[in-house]
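Student: I would like to go through the terms used for this model and check each against its definition.
Tutor: Here is the entry.

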Amino acid sequence: MKNFLDQDFLLQTKTAQRLYHEFASHQPIIDYHCHLPPDQIADDINFKNITQIWLYGDHYKWRAMRANGVNEAYITGNKTDEEKFMQWAATVPYTLRNPLYHWTHLELQRYFGINELLSPASAQKIYAQCNEKLQSPEFSIRNILKSKNVEVVGTTDDPLDNLSHHQKLKQDGYSVKVLPAYRPDKAMNADDIAGLNKYIDQLESVANVSISNIDEYLSALKARHDYFAENGCKLSDHGLEQIYAEDYTDAEIATIFTKIRNSEVLLPLEILKFKSAMLYYFAIWDHEKGWVQQFHLGALRNNNARALTNLGPDTGWDSIGDFAQGRALSKFLNRLDTTNQLAKTIIYNLNPADNELFATMVGNYNDGSVAGKMQFGSAWWFLDQKDGMIKQLNALSNMGLLSRLVGMLTDSRSFMSFPRHEYFRRLLCNLLGDDIENGELPNDIEWTGKIVSDICYFNAKNYFNF
């Protein structure tokens with residue numbers, strides 16, 4: 001019987017162990033998409049306790065605690081940080097076979113050197129050990145990133161952001177590159193006219209312009225796009241249920257925008273046309289600058305209306321959606337490709353039923369200009385666990401070139417989430433190691449090891465040109 005979380009965790013063969021330890025484990029981390037707060041990195045803070053760095057904002061853990069019968073007061077409510085930690089510790093033993101069980105103990109090991117299992121019996125001791133270490137200089141945010149061998153952090157930022165924290169980090173000469181990504185979801189959200197008008201008013205202030213028509217709106221958003229590029233941005237990101245690709249005319253979009261500014265109710269088709277137009281404009285700008293565009297597709301958000309009212313969005317009430325993805329995605333990519341204005345693109349899928357759809361769709365638009373130009377992105381959100389990662393890797397292997405994948409990302413708000421890269425790397429090496437030992441791949445460790453190193457680091461380094 002193997003020991004839990006030993007050095008060969010998830011590595012079931014000698015070949016897998018060799019691939020991981022010789023070719024994967026030491027590679028730097030390019031975390032090209034996450035939601036880490038850049039202000040906390042710029043200020044180089046030390047978290048006061050393990051609850052703050054581990055449980056604040058982590059809706060993965062919140063969902064598990066709710067399922068375990070923990071009162072909301074101990075999750076997002078007004079209980080003390082210590083009380084919240086104790087409730088999490090009481091929940092962890094019940095997360096067996098949930099990826100949270102692995103992540104929790106990986107993070108305790110990798111960050112704090114704690115090999116003891118977290119439970120009510122060990123909670124007080126572990127809480128004290130972690131809190132003591134968190135006060136030391138080596139556990140400041142910037143030092144945490146360096147200690148985890150992080151080379152690049154790609155944050156997720158609204159076009160209205162002034163990027164002052166990114167500027168400070170660059171001025172300080174911080175060795176880890178912390179770069180913004182342009183996330184204009186709010187700028188195209190015509191489902192909420194009042195919210196969109198408020199956003200446009202804020203854009204007027206930030207861009208120091210008046211916005212009364214669509215041309216002025218696009219000009220202001222393009223100016224922000226340019227500003228992001230001046231500050232090191234090389235990626236955009238879009239969190240959508242599905243791609244929007246309705247036919248429209250420029251005159252229609254101009255009329256729709258006027259209705260928006262007049263706070264008039266839009267027809268459902270008008271909303272789709274507006275979103276389709278905005279998504280196209282963003283894609284054209286990305287291509288002009290040589291950026292990578294990312295699309296996170298398939299989340300059904302804010303399912304629990306009562307919880308949304310009480311706690312707001314991004315608090316753990318989202319799920320996998322069952323949207324029709326293929327036809328609109330094909331239409332959107334084809335329109336850009338027809339005029340040779342399709343940027344390097346990563347598409348992330350949330351519904352495993354659509355894995356093969358996404359893996360084959362990206363293959364339609366590789367044009368030989370860049371290796372791996374079109375990417376079926378790594379498993380994310382509900383799928384960034386053992387089963388989900390393996391399914392994504394297998395679908396990509398069967399339908400495209402696994403060897404050109406740009407690797408894993410955390411997509412996380414937590415500074416404790418970098419072991420997810422390790423988790424991915426171990427699963428990748430185990431997959432290839434199994435194939436070699438089964439005689440399904442040649443026993444060429446050097447070549448397979450090169451492929452592993454590329455997926456873990458070098459493909460992303462070349463693809464994003466950070």
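Tutor: Two strands pair if DSSP finds at least two bridges between them; strands (E, at least two residues) and helices (H or I, at least four) are DSSP runs, numbered from the N terminus. This is a predicted model, in which local features need pLDDT of at least 70, side-chain atom pairs count only at pLDDT 80 or more, and totals for chains, interfaces and linings use all residues. Residues are numbered from 1 along each chain as its sequence is written, and side-chain values use heavy atoms, with hydrogens and water left out.

Student: What makes strand S5 (residues 235-240) and S6 a pair?
Tutor: They are joined by 6 bridges and run parallel, and the definition asks for at least two bridges. Asp237 stands opposite Gln294 in S6.

Student: Why is strand S6 (residues 292-297) called mostly covered?
Tutor: Buried means under 20% relative accessible area with a 1.4 Å probe, protein chains only (exposed is over 50%, partly exposed in between). In S6, 6 of its 6 residues are buried: Val292, Gln294 and His296 on one side, Gln293, Phe295 and Leu297 on the other.

Student: How do you know that the buried residues of H7 line one face?
Tutor: Ala123, Ile126, Tyr127, Cys130, Asn131 and Leu134 are buried. Seen down the axis of H7, they fall within an arc of 125° (taken from the directions from the helix axis to the C-beta atoms), so they line one face of the helix.
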